[in-house]
Amino acid sequence: MNIKFSIIVSFLFLLTAYSCASREEKIELIKQEVEVIKNKTDNAEMYTGLFVQGENRSNFRAYFDDKDLIYIYEDLAKGYWSGVTNLYFFKNDELIYLSQKEVGFEGPNSKNKRSIEVEIYFDGQNVLESSKKLKGQFVDIPQEEINDILQHTNKLMEVAKALNPKLN
């Protein structure tokens, strides 16, 4: 009985501590969680999949710790002009961190090269911190782009979870 009580009290303490944490503290906790997830992927169950949406073709590997989706590595081809590598880290079915690197051309008929790097830390649907480097310069990430990222992530999560027989 005392062990259950201790576990419940510990959980409530951590929950309270996280909800009272400053933005910087939350980001630091997410960074620590990302490292924990990276270490878990060695023993996690991996499923490979394909997700096609319009001209975009996504080859991905989804990693599960039992029934929990913890990580997705995605190679995304945007038509023939751009390639993107996305790293998604999840905790409790929520995206906590995204790293994105894109190289390619400005568009299907362009000869202008581009390079984009994005990092976003999430607290639920809220962005704690984000950075976007476009052609070597830091620029703001418009809310519409963040919404598109979250929408794509949710669809990718659905496809990934459908691959795990423990969830079906």
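**Talking through the model**

Modeller: Bear in mind that this is a predicted model. The chain has an average pLDDT of 88, and 88% of the residues score at least 70.

Biologist: OK, on to the inside. How many residues are in the largest nonpolar core?
Modeller: That core has 22 residues, and Ile-72 and Ile-120 have the most contacts inside it. Strands 1 through 6 each give two or more residues, and so does helix 3 (143-163).

Biologist: Which element gives the most to this core?
Modeller: Helix 3 does, with 6 residues.

Biologist: And what is Ile-72 in contact with, leaving aside its neighbours within four places in sequence?
Modeller: Quite a list: among them are Phe-60, Ala-62, Leu-87, Tyr-88 and Phe-90, plus Leu-156 and Ala-160. Arg-61 and Asn-86 are in contact with Ile-72 as well. There's also a second, separate core of 13 residues, including Phe-89, Tyr-97, Tyr-121 and Leu-128.

Biologist: Back to helix 3. Which of its residues are buried?
Modeller: Ile-146, Ile-149, Leu-150, His-152, Thr-153, Leu-156, Met-157 and Ala-160. Looking down the helix axis, they fall within an arc of 170°, so the buried residues line one face of helix 3. In general, an α-helix has 3.6 residues a turn, so residues three or four places apart point the same way.

Biologist: What does the face turned away from the buried side carry?
Modeller: Glu-144 and Glu-158, which are exposed.

Biologist: How does the span of helix 3 compare with what it should be?
Modeller: It agrees: at 1.5 Å a residue, its 21 residues should span 30 Å, and the end C-alpha atoms are 31 Å apart.

Biologist: Switching to strands. In what sense do strand 1 and strand 2 pair?
Modeller: Antiparallel, over 9 bridges. Val-52 stands opposite Arg-57 in strand 2. The two strands form a hairpin with 2 residues between them, and Gly-54 in the turn has a positive phi of about 65°.

Biologist: And how many bridges join strand 2 to strand 3?
Modeller: 10, and those strands run antiparallel. Phe-60 has Glu-74 in strand 3 as its bridge partner.

Biologist: Which residue takes a positive phi in that hairpin?
Modeller: Asp-66, near 60°, in a hairpin with 2 residues between the strands.

Technical notes: Residues numbered from 1 in each chain as written. Predicted model: local features only at pLDDT ≥ 70, side-chain atom pairs only at ≥ 80, totals over all residues. Heavy atoms only, no water. pLDDT = per-residue confidence, 0-100. Core = buried A, V, L, I, M, F, W, Y, C linked by side-chain atoms within 4.5 Å. Buried < 20%, exposed > 50% of the residue type's maximum accessible area, 1.4 Å probe, protein only. Helix = DSSP H or I, 4+ residues; strand = E, 2+ residues; numbered from the N terminus. Contact = heavy atoms within 4.5 Å. Expected span 1.5 Å × (residues − 1). Arc of directions from axis to C-beta. Pairing = 2+ DSSP bridges.
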